[in-house]
Amino acid sequence: MSHANTATPRLDVSKLLSHRAKSIDASGIRKVFDLAAHLKDPINLSIGQPDFPVPDVLKHAAIKAIEENRNGYTQTQGCPELLRAIWQRLGSEVGWSHEPKDGLSTIVTSGTSGGLVLGMMCLLDAGDEAIVPDPYFVMYPQLAALTGGKIVLCDTYPDFRMTAARIEKLITPRTKTVLVNSPGNPTGVVLSHKEMSDIVDLCKAKGILLISDEIYDEFTFSESRENGKFPTPAAFTKDCLLIRGFGKTYGCTGWRLGYVSGPHDIVQSIAKLQQYTYVCAPSMAQYAAAHAYEIDMQPWVDRFEKRRDTVLAAFNGLAHVACPGGAFYAFVEVPKGLGMTATQFVEKAIERNVLVIPGKVFSTRDTHFRLSFAAKEDTLARGLSVLTDIMRGR
Ligand SMILES: Cc1ncc(COP(=O)(O)O)c(C=O)c1O
């Protein structure tokens, strides 16, 4: 049966769409994908997820859960096994516990994204402000449209460090929250313990909630840890909201699993919103992730660190790259001498079959591109050779 029935009156959808939906502009990233669509087998350095398969322990646990008919809703807050595992992890890492004296709670969310959206919905009324970094993870600016709040960008160029000094200048009586992301997307930059504790002090002094998007926590390279410890505000305060994920760490981004831990009343508000929206995170993913902390991802972290070194060596003397202390991204400045915007540079790279993402997708500026080194070593080497050739005018 044909669906092309032109006689059927059509809705004027543009009249129905909300200002919220209309105000979200996806043209930047869409343009990159449109340009890339004609590429056959591109050298793809644009991917925002790891290039390893889900560890067998997790795969088997998810399959087992499905086969044992554990497919119904879980409690809104998360299945007890996973919550127990998270608390054990938080206890050993930062000394957080779910004992009433600590006033903390945890909720398992549908991806880190689910935690970010619900967290911001709980905090922002119309006109309330949230300070986020520029460059940013693509969702951050859209949280304005999603919540009615105002997203205030903290310019972190050229070193991409979102310091207390840079944040302080942006605080107004309407500021409710500061969102930090370390290791950062798209830069991989990791804040130090001192920088984190300064931000904690600033937020405390101003009565603002600090939210820490730590989705790349596990992928923090050796030199960015102090005494082996990942720099998190949770080490200095219980008055912050930790948002973490499983998708990037274990290569299961499609399973949609993250969690939020922090002050009890905020987490309970998030739970209320989750009850009437997502209901719960995917059940089989939760049962599987209860085993996540049994898995040692260090060999992969080491491999990403080596790739990071390869990227830095390739651009050394050619282009400025702030050293990524974690994640699997480098944010490379297009040499000014080339006289091109980052978008123009990326178009040239795409002509030569290499896919990277122009910084404009992640920023108000169009001066850098994001290169993902979540790609096999030979793919990375081929891509780097093309990108550096373009920079050398070859
Ligand atoms: C900084 C950052 N936060 C959150 C997310 C969303 O992750 P999830 O897939 O867990 O929703 C991403 C995904 O790329 C990210 O880079």
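Me: Two strands pair if DSSP finds at least two bridges between them. With that in mind, which residue in β12 stands opposite I357?

Reply: The residue opposite I357 is R370 in β12. Please note that this is a predicted model. The two strands concerned, β11 and β12 (residues 368-372), pair in the antiparallel sense over 2 bridges.

Me: What is the strand order in the open sheet of 3 strands?

Reply: The order is β9-β12-β11, and the pairing is antiparallel. The edges are taken by β9 (329-333) and β11 (357-358); each has a single partner strand, so one side of each is left without a neighbour in the sheet.

Me: Stepping back, how many helices and strands are there in the protein?

Reply: The protein contains 15 helices and 12 strands.

Me: And what box do the C-alpha atoms fill?

Reply: Along the principal axes, the box is roughly 70 × 65 × 50 Å. A compact globule of 394 residues would have a radius of gyration near 21 Å, and the value of 22 Å for the protein agrees with that.

Me: What share of the residues counts as buried?

Reply: Of the 394 residues, 45% count as buried. As for contacts with a separation of 6 or more, 75% of them come from residues 24 or more positions apart.

Me: On to the ligand. How many residues surround it, and which are the closest?

Reply: The ligand is surrounded by 13 residues, and the closest are G111, T112, S113, F137 and N185. Helix α6 (residues 111-123) gives the most to this shell, with 3 residues.

Me: How does the shell divide into nonpolar, polar and charged residues?

Reply: The shell holds 10 polar residues, 2 nonpolar residues and 1 charged residue.

Me: N185 is among the closest to the ligand. What is the peptide bond from N185 to P186 like, cis or trans?

Reply: The bond from N185 to P186 is cis, with omega near 20°. P186 lies in the loop between β5 and α9 (193-206).

Me: Which residue does a cis peptide bond join to Y157?

Reply: The partner of Y157 is P158, and omega of that cis bond is about 0°. P158 belongs to the loop between β4 and α8 (164-168).

Me: What about F160, where is it found?

Reply: F160 is likewise found in the loop between β4 and α8. Its phi is positive, about 60°, although F160 is not a glycine.

Me: Is F160 buried or exposed, and how many other C-beta atoms lie within 10 Å?

Reply: F160 is buried, because 23 other C-beta atoms lie within 10 Å, and a residue counts as buried with 20 or more. V279, a residue other than glycine, also has a positive phi, near 70°. V279 sits in the loop between α11 (264-275) and α12 (283-289). V279 is exposed, since 11 other C-beta atoms lie within 10 Å and the limit for exposed residues is 12 or fewer.

Me: Back to strands. How many of the residues of β3 are buried?

Reply: In β3 (residues 129-134), 5 of the 6 residues are buried, so the strand is mostly covered. Strand β3 pairs with β4 (residues 150-155) in the parallel sense over 6 bridges, and I131 stands opposite V152 in β4. Between these strands the chain passes through helix α7 (residues 139-147), and this β-α-β crossover is right-handed.

Me: In which sense does β3 pair with β5?

Reply: Strand β3 and β5 (residues 175-181) pair in the parallel sense, over 3 bridges. There, A130 stands opposite T177 in β5.

Me: And β7, how many of its residues are buried?

Reply: In β7 (residues 240-245), 6 of its 6 residues are buried. In a regular strand the side chains alternate between the two faces of the sheet. For β7, both faces are covered: one side has C240, L242 and R244, and the other has L241, I243 and G245.

Me: In which sense does β7 pair with β6, and in which with β8?

Reply: With β6 (residues 209-213), β7 pairs in the parallel sense over 4 bridges, and S212 has L242 of β7 as its bridge partner. With β8 (residues 258-263), β7 runs antiparallel, joined by 4 bridges. In that pair, G245 stands opposite G258 in β8.

Note on methods
Residues are numbered from 1 along each chain as its sequence is written. This is a predicted model: local features need pLDDT of at least 70, side-chain atom pairs count only at pLDDT 80 or more; totals for chains, interfaces and linings use all residues. A residue is near a molecule or strand if its C-beta atom, placed from the backbone, lies within 6 Å of it. Ala, Val, Leu, Ile, Met, Phe, Trp, Tyr, Cys and Pro count as nonpolar, Asp, Glu, Lys and Arg as charged, and the others, Gly among them, as polar. A crossover is right-handed if, with the strands pointing away from the viewer, the path from the first strand over the helix to the second runs clockwise. The radius of gyration is taken over C-alpha atoms; the globule rule is 2.2 Å times the number of residues to the power 0.38. Two residues are in contact if their C-beta atoms, placed from the backbone, lie within 7 Å.
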